[in-house]
Amino acid sequence: MKRILLVLTVSLLLAQVTQARHCWKKLGRCRTTCKDSEVFYLLCSDETKCCVNPKHVPVKTRSLPPTGSLETSAVW
């Protein structure tokens with residue numbers, strides 16, 4: 001019985017120590033260096049990197065000017 005209690009106590013302590021903080025809507029983890037399969041996207045509150053899987057990083061699209069804008073319709 002004492003061994004079970006000891007194993008349970010050690011397990012709970014290790015679980016508390018090894019937890020990493022989540023970031024970017026819980027899709028990333030705060031780390032000092034990102035793994036090879038992750039990319040740096042934001043900074044966490046403690047100035048560590050928020051490492052995110054590249055498939056979760058939003059892609060900013062470039063919008064095209066509307067057709068018939070002032071530049072193309074102006075006659076001089």
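This tour moves from the whole chain to one annotated segment and then to two individual residues.

**Setting up.** The model is predicted: local features need pLDDT of at least 70, side-chain atom pairs count only at pLDDT 80 or more, and totals for chains, interfaces and linings use all residues. Residues are numbered from 1 along each chain as its sequence is written, and side-chain values use heavy atoms, with hydrogens and water left out.

**Select the whole chain.** Two helices and four strands are present, in the order α-β-β-β-β-α from the N terminus. Helices (H or I, at least four residues) and strands (E, at least two) are DSSP runs, numbered from the N terminus. Colour the chain by pLDDT, the predictor's confidence in each residue, from 0 to 100. The mean is 78, and 72% of the residues reach 70 or more. Among the elements, strand 4 has the highest mean pLDDT (92) and helix 2 the lowest (54).

Next, display the surface. Of the 76 residues, 14% are buried (buried means under 20% relative accessible area, exposed over 50%, partly exposed in between; 1.4 Å probe, protein chains only).

**Select residues 23–51.** An unreviewed UniProt entry annotates this range as "domain: Beta-defensin"; UniProt positions are given in the numbering used here, feature names are shortened, and annotations may be inferred rather than shown by experiment. The segment is 45% strand and 0% helix, and its end C-alpha atoms lie 8 Å apart.

**Select Glu 38.** This residue sits in the loop between strand 2 (28–31) and strand 3 (39–43). Glu 38 is buried, because its relative accessible area is 18%. Show its side chain together with that of Arg 31: the two make a polar contact at 2.9 Å (a pair of N or O atoms within 3.5 Å; within protein, one must be able to donate a hydrogen and the other to accept it, and residues adjacent in sequence count only if both atoms are side-chain atoms). Beyond its neighbours within four places in sequence, Glu 38 is in contact (heavy atoms within 4.5 Å) with Arg 31, Cys 51, Val 52 and Pro 54.

**Select Lys 55.** Lys 55 belongs to the loop between strand 4 (49–52) and helix 2 (70–73). Its relative accessibility is 67%, so Lys 55 counts as exposed. Finally, draw a C-alpha to C-alpha distance from Lys 55 to Val 39: they are 9.7 Å apart in space and 16 residues apart in sequence.
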